[in-house]
Amino acid sequence: MTGREARGDAELKKELDATLHARRELGDEYESALVDSFLEKVEQRLDGAVDRRVRRQLAEQQMVVARGSRSPQSTDSWGERFGFGIVSLVLAIPLSAIGGGVAHLPGLLVAWGGIVGVNVVQAARLSPHFFGRRKDRPESDWED
């Protein structure tokens, strides 16, 4: 918790205490007005916190763009690739059983073609250079 949040929480607690004290003094007829006033202050506090977070995230994104680098929350992490591969292999078991049981070898080939296709698309999405040629190598072995 930051200092600003702690101060805001202390202020909000004081506001709640003051609202409850005023309710005791003024009685039930002012209860809805007091509650509305307190909720308005809570809403303003939340709006301020959301605004600060949005501004901070926008500033971080602008810094990433200005540096020309990728976001640290990029989707091409090793864990995501590994997890996607594991999930596709786990799902391959029932798909193979269904495809092989219903249509025998052609069904099995279609099921595995789909599994391979989904993994190729995922690999191409995460690594745009997956299908491209490397720039540091000549176009053919015959060129120097």
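## Basis and fold

Buried means under 20% relative accessible area, exposed over 50%, and partly exposed in between (1.4 Å probe, protein chains only). Buried residues account for 12% of the 144 residues in the chain. This is a predicted model, in which local features need pLDDT of at least 70, side-chain atom pairs count only at pLDDT 80 or more, and totals for chains, interfaces and linings use all residues. Residues are numbered from 1 along each chain as its sequence is written, and side-chain values use heavy atoms, with hydrogens and water left out.

The chain has three helices and zero strands, where helices (H or I, at least four residues) and strands (E, at least two) are DSSP runs numbered from the N terminus.

## Helix 2

Leu34, Phe38, Gly48 and Val64 of helix 2 are buried. Gly68, with a positive phi near 75 degrees, follows helix 2.

## Salt bridges

A salt bridge is a side-chain nitrogen of Lys or Arg within 4 Å of a carboxyl oxygen of Asp or Glu. The whole structure holds five salt bridges. One of them joins Lys41 to Glu15 (2.7 Å, N to O). Lys41 lies in helix 2 and Glu15 in helix 1 (residues 3–26), so this pair ties together parts 26 residues apart in sequence. Lys41 is partly exposed at 34% relative accessible area, and Glu15 is partly exposed at 30%.

Arg125 and Glu80 also pair (3.1 Å, N to O). Arg23 bridges to Asp28 with the closest N and O atoms 2.4 Å apart; Asp28 is exposed at 53%.
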